[in-house]
Amino acid sequence: MQMLSRRDIEYLLAVYEIECDDGLVRTVRLAKRMKVSPSTATSALRRLSNLGLIEFTPRRGARLTNEGRKVVLEILWRHGVVERLLTHVGLTIDEACEVAFRIQHLMPKEALIKICKYLGHPSRCPHGYEIPHPERPHMKKYPICRPK
Ligand SMILES: [Zn+2]
Ligand SMILES: [Zn+2]
């Protein structure tokens, strides 16, 4: 998780979102969503594919591997837990979302597990979005919470 950049995570979340709606993620569609050129999207997809997080067929598109899907669900859990922590200590929801997105992937998982426990294993983020939890059965698709 720590080796992923914020940009990698934005790509993974976009792939997750498009895949949930449409199955295979076309490079052009992803590029549009990320507001980049298709060749920029292609190099991002290659990088994630080298990390084993997506399966990428040039000219066709991409989908998450099982590992990639696990990473996305962990990010969504991390995001919700960090947001809860930050609003708990007084940040506004928007501030919490912004800060959470910057630090969520850098924090050690053990710390997150302790924070999650301290917060009573929240099932929703402060915006009211349902968040996955390692100990609960997963829904088919979770809403993505990200800074505006
Ligand atoms: Zn958020
Ligand atoms: Zn928990």
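Residues are numbered from 1 along each chain as its sequence is written, and chains are lettered from A and ligands numbered from 1 in the order in which they are written. Because the model is predicted, local features need pLDDT of at least 70 and side-chain atom pairs count only at pLDDT 80 or more, while totals for chains, interfaces and linings use all residues.

The protein is divided into domain 1 (6-64) and domain 2 (69-118). These bounds come from an automatic or database domain assignment. The C-alpha centres of the two domains lie 24 Å apart. Domain 1 gives 7 residues to the contact, and domain 2 gives 6 residues. Here, two residues are in contact if their C-beta atoms, placed from the backbone, lie within 7 Å. On the side of domain 1 that touches domain 2, helix α1 (residues 6-22) gives the most, with 5 residues. Helices (H or I, at least four residues) and strands (E, at least two) are DSSP runs, numbered from the N terminus. By class, this side of domain 1 has 6 nonpolar residues, no polar residues and 1 charged residue. Ala, Val, Leu, Ile, Met, Phe, Trp, Tyr, Cys and Pro count as nonpolar; Asp, Glu, Lys and Arg count as charged; the others, Gly among them, count as polar.

Two packed helices are described by the angle between their axes and the distance between the axes. Helix α2 (residues 27-34) and helix α3 (residues 38-50) pack at an angle of about 105 degrees. Their axes are 8 Å apart. Axes are lines fitted to C-alpha atoms, for helices over the stretch in contact, and angles run from 0 to 180 degrees between N-to-C directions. α2 and α3 are therefore roughly perpendicular to each other. In this scheme, angles under 35 degrees count as roughly parallel, over 145 as roughly antiparallel, 65 to 115 as roughly perpendicular and the rest as oblique. On α2, the contact with α3 is made by Thr-27, Val-28, Leu-30, Ala-31 and Met-34. On α3, Pro-38, Thr-40, Ala-41, Thr-42 and Leu-45 take part. The contact of α2 with α3 has 7 nonpolar, 3 polar and no charged residues.

Strand β1 (residues 54-57) shows alternating side chains. A residue is buried if 20 or more other C-beta atoms lie within 10 Å of its own, exposed if 12 or fewer, and partly exposed in between; C-beta atoms are placed from the backbone. β1 pairs with strand β2 (residues 61-64) in the antiparallel sense, over 4 bridges. Two strands pair if DSSP finds at least two bridges between them. Ile-54 stands opposite Leu-64 in β2. The bridge partner of Phe-56 in β2 is Ala-62. Arg-59 lies in the loop between β1 and β2. Phi of Arg-59 is near 75 degrees, a positive value in a residue other than glycine. Arg-59 is exposed, with 7 other C-beta atoms within 10 Å.

Arg-7 is found in helix α1. Arg-7 counts as exposed, with 12 C-beta neighbours inside 10 Å. Arg-7 and Ala-44 are 37 residues apart in sequence, and their C-alpha atoms are 8.8 Å apart in space. Val-28, in helix α2, has 11 C-beta neighbours inside 10 Å and counts as exposed. The C-alpha atoms of Val-28 and Arg-136 are separated by 35 Å, and the two residues are 108 residues apart along the chain. Gly-90 is found in the loop between α4 (66-88) and α5 (93-103). Gly-90 is exposed, with 8 other C-beta atoms within 10 Å. Gly-90 and Ala-14 lie 76 residues apart in sequence and 30 Å apart in space, C-alpha to C-alpha.

Helix α6 (residues 109-118) is hardly covered. The count of buried residues among its 10 residues is 1. Just after α6, Gly-120 takes a positive phi of about 80 degrees. His-121 is also placed in the segment after α6. The phi of His-121 is positive, about 50 degrees, although His-121 is not a glycine. His-121 is partly exposed, with 14 other C-beta atoms within 10 Å.
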